[in-house]
Amino acid sequence: MIPHEAGLLAAPALLLGADQWLEGLEGPAWLVDASDWTVRLVNRPALAWLGLGPEQCLGQPAETLLPGLEDQVFWAELRAGHPGQLASDTEVSRPQGLAQVHRRIVPLGEPARAYLVTLQDRSHEARAASERETLLAELRATLESTADGILVLDTAGRIRAFNRRFAQLWDLPEAALAEPADATVLDWMRRSVLQPDAYQQRVDEINAQLLVSGTDTVALLNGRLLERYTQPQWSQGRPIGRVYSFRELARSRATAPASAGASGLDGSTCWPNRHRFLEALDEAVLQARDDGQPLAVLVVEFDRHALFAAEGSARARGMDELVEALRATVREPAQIGRLGASRFAVLLRPAGESAAEALARRLVQLATRPGPALLATAGLKVHVGGAVYPQAGWCGEELLQHAEKALQRARGAGVAGWELHRGSTEQVHEGRRQQRLEQAVREGLSSAAFRLQFQARFASATGEIQAMEALLRWQDPQEGLMLPPRFMPLAERAGLMRALDDWALEQAVQQAVAWERKGWHQALTVNVSGETLAEPACARRVAAVLAHAGWPARQLELDITEAALRRDPEAALSNLDALHRLGVRLVLDDWGLDDCALGWLRRVPFTAVKIDRRLLRAVPDHGAEADLVRGLTQVARAMGLQVLAEGVEHEAQRRFVTDTLGCQGWQGLLGSAALDPRACERVLARQARQVAALTGTDGR
């Protein structure tokens with residue numbers, strides 16, 4: 001018997017030594033004897049927490065110390081012979097008042113001879129949560145009182161709050177307002193801007209610098225141009241998050257003071273001022289994205305010293321002559337705006353570089369043509385800078401900035417002249433390629449612009465075709481057949497990956513069904529992008545495609561790269577779990593290129609990994625690379641995963657991946673190149689004949 005003043009009662013035989021480990025527990029705990037349902041052992045933290053003495057606890061009925069209704073029902077169920085355990089939150093009365101606790105009751109022994117009750121006081125957490133809710137309520141009230149759109153993030157990039165004005169500016173869907181999931185809202189923002197890649201790059205830069213503040217502009221697809229101001233949020237001398245405020249520049253232009261033109265028009269010329277011209281330019285860019293037509297913006301500046309050297313009426317007459325000369329030179333439907341005292345802008349649409357250059361030449365020649373006397377005698381110099389969409393930029397602000405920089409270069413020459421913004425040759429090609437890609441996707445992917453090729457994967461043990469991987473190709477009218485590395489970055493920048501993924505999956509499944517009807521049975525492999533995995537409905541769309549085509553989920557493999565997983569890990573994991581439950585096989589592509597891929601193997605229900613082709617280039621001739629690939633294979637196999645290889649181009653590599661590594665399957669030029677469906681059918685038919693000859697069956 002242990003003395004009562006120690007706070008412990010001698011334990012039953014089953015629990016000899018229990019007094020020692022129970023007393024070693026940090027939190028309140030006690031034991032209930034299952035023979036008579038009384039408290040038989042209690043530790044000091046429990047006595048102190050309950051504010052009771054040992055005599056008030058020991059020998060008491062089990063429900064005495066926690067008299068709540070849930071506890072009474074639980075102990076009554078045990079007495080009635082219904083075993084179980086309990087874990088939930090409850091309120092307990094203490095001398096200091098009500099406390100919020102998490103209580104656990106678990107059986108000890110088999111069958112249970114005693115029950116262990118443990119308490120975890122969560123009063124502090126509950127108060128903190130209540131205080132946070134109060135602060136958030138106050139924050140929301142403050143946010144709703146401002147005319148700007150406000151978004152508040154914590155240091156991990158999670159959304160803490162936003163106001164209704166923010167939702168209005170970004171056209172957030174109702175679902176996001178009802179249940180504002182962080183990933184859904186932030187991805188919606190990225191997909192709502194004219195330049196998603198540049199937008200995301202800027203967001204990443206801001207997130208990487210916790211203390212940075214700054215202002216910039218964001219052009220949205222809905223036509224709005226927003227001023228974005230960001231600053232860190234501080235509490236108790238340390239940053240706890242970041243606050244973004246968004247203001248619609250179009251509205252501020254429309255309500256600008258009279259000195260800037262209350263109507264958005266220049267008072268002297270009745271042409272749009274800078275703000276109104278930018279609005280027109282943004283709208284023109286949106287239209288250009290829709291119809292695929294290029295546009296150009298020119299910035300024209302006249303020598304102020306020559307133009308305004310005259311006084312009084314002569315100066316006014318000079319301005320009138322200048323305006324008339326511009327009107328005569330710039331014909332409709334081109335639009336003219338006045339950016340400053342002697343600086344003007346011209347919007348040409350549709351117009352490429354040649355049209356922009358032609359107009360720039362005519363503008364430079366204004367002062368040398370026969371015409372207005374004052375302009376001809378003033379020694380006027382004209383400088384022009386220009387930029388063309390999409391080569392020079394993807395929003396109005398960017399185009400105008402590039403045009404003004406080109407103007408500065410033209411002025412630097414010291415004589416009248418013009419200059420067009422020109423990026424590198426590759427940038428020019430990329431802009432034009434981007435325009436053609438968007439046009440192809442707008443045509444509904446129904447033309448011959450996009451097509452699928454298929455590459456066979458062979459079973460290492462038998463040499464039979466194990467699966468056919470669908471590979472997307474783009475038949476560009478100017479550059480011919482293009483492989484994914486040349487056009488996928490453009491598709492990602494324009495937010496087109498989901499449309500391309502959906503099209504590729506549907507087409508690939510239809511082709512697989514057609515081959516199945518001919519008696520050719522293989523799995524189908526399709527690649528999935530991070531943009532698609534981030535969509536909440538990704539798994540449902542895959543299931544719908546399979547159900548519509550009648551293709552079994554177990555015969556579909558989805559190749560996923562680690563980069564795709566990093567795009568939105570939470571959404572990707574949710575979709576991949578759903579796909580796994582559906583029966584789809586998941587394969588980690590490019591295995592071995594990233595240092596962190598091992599973590600994904602633990603979190604994602606992959607069935608196989610695919611060794612990247614770049615790791616096989618040097619094997620088996622180079623020992624270090626061969627050892628690396630062996631190690632990767634051993635890691636994957638230890639985690640119960642199949643190992644596949646791609647990029648097998650010669651027999652030595654095939655023997656290495658099949659005999660040395662024991663890969664279950666391989667693909668590469670040694671077996672078959674990527675072929676169009678008709679050529680693939682010849683490969684399938686040849687294999688069917690070989691199998692038939694070996695097995696003595698009829699094959700097609």
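## Cores

A nonpolar core is a set of buried Ala, Val, Leu, Ile, Met, Phe, Trp, Tyr and Cys residues joined through side-chain atoms within 4.5 Å. Buried stands for under 20% relative accessible area, exposed for over 50%, and partly exposed for values in between (1.4 Å probe, protein chains only). The structure is a predicted model, in which local features need pLDDT of at least 70 and side-chain atom pairs count only at pLDDT 80 or more, while totals for chains, interfaces and linings use all residues. Residues are numbered from 1 along each chain as its sequence is written, and side-chain values use heavy atoms, with hydrogens and water left out.

The largest nonpolar core has 77 residues, and Leu 556, Leu 565 and Phe 606 touch the most other members. Helix H18 gives the most to this core, with 10 residues. A second, separate core has 28 residues, among them Trp 271, Ala 334, Leu 348 and Leu 363. Contact means heavy atoms within 4.5 Å. Not counting residues up to four places away in sequence, Leu 565 touches Leu 533, Ile 560, Ala 572, Leu 576, Leu 588, Trp 600, Val 604 and Phe 606.

## Chain overview

The chain comes to 27 helices and 24 strands. These are DSSP runs numbered from the N terminus (helices: H or I, at least four residues; strands: E, at least two). Of the 700 residues of the chain, 49% count as buried. Among contacts in the chain with a separation of 6 or more, 60% are accounted for by residues 24 or more positions apart.

## Helix H18

H18 has 21 residues, and from its first C-alpha to its last it reaches 30 Å, close to the 30 Å expected at 1.5 Å a residue. The expected span of a helix is 1.5 Å times one less than its number of residues. The buried residues of H18 include Met 497, Leu 500, Trp 503, Leu 505, Val 509, Ala 512, Val 513 and Trp 515. Asp 501 and Gln 511 are also buried in H18. Just after H18, Gly 519 takes a positive phi of about 95 degrees.

## Cavities

A search of the whole structure finds 3 cavities of 30 Å³ or more. A cavity is a set of points, on a 1 Å grid over the protein atoms alone, where a 1.4 Å probe fits but cannot get out; lining residues have an atom within 4 Å of a point. Grid points are joined across faces, edges and corners, and a volume is the space filled by probe spheres set on the points.

The largest cavity holds about 50 Å³ of space. Two elements give two or more residues to its lining: helix H18 (497-517) and strand E19 (523-527). The largest share, 3 residues, comes from H18. The lining is made up of Met 468, Ala 512, Trp 515, Glu 516, Trp 520, Gln 522, Ala 523, Leu 524 and Trp 551. By type, the lining of the largest cavity divides into 7 nonpolar, 1 polar and 1 charged. Here Ala, Val, Leu, Ile, Met, Phe, Trp, Tyr, Cys and Pro count as nonpolar, Asp, Glu, Lys and Arg as charged, and the others, Gly among them, as polar.

## Backbone exceptions

Most residues other than glycine have a negative phi, and most peptide bonds are trans. The peptide bond from Glu 332 to Pro 333 is cis, with omega near 10 degrees. Pro 333 is in the loop between helix H12 (312-329) and strand E12 (335-338). Another cis peptide bond joins Arg 349 and Pro 350, with omega about -5 degrees. Pro 350 lies in the loop between strand E13 (343-348) and helix H13 (353-364).

Trp 37 has a positive phi near 60 degrees. This residue lies in the loop between strand E1 (29-33) and strand E2 (38-42), and Trp 37 is buried, with a relative accessible area of 14%. Asp 171 has a positive phi near 55 degrees. Its place is the loop between helix H5 (164-169) and helix H6 (174-178), and Asp 171 is partly exposed, with a relative accessible area of 38%.

Arg 554 is in the loop between helix H20 (538-549) and strand E20 (556-560). At 59% relative accessibility, Arg 554 counts as exposed. Not counting residues up to four places away in sequence, Arg 554 touches Gly 583 and Arg 585. The C-alpha atoms of Arg 554 and Arg 585 are separated by 6.4 Å, and the two residues are 31 residues apart along the chain.

Gln 287 is in helix H10 (residues 274-291) and is partly exposed, with a relative accessible area of 36%. The C-alpha atoms of Gln 287 and Arg 349 are separated by 9.9 Å, with the two residues 62 residues apart along the chain.

Technical notes. On a 1 Å grid over the protein atoms alone, a cavity is a set of points where a 1.4 Å probe fits but cannot get out, and a pocket is an open set with protein on both sides within 12 Å along at least five of seven lines; lining residues have an atom within 4 Å of a point.
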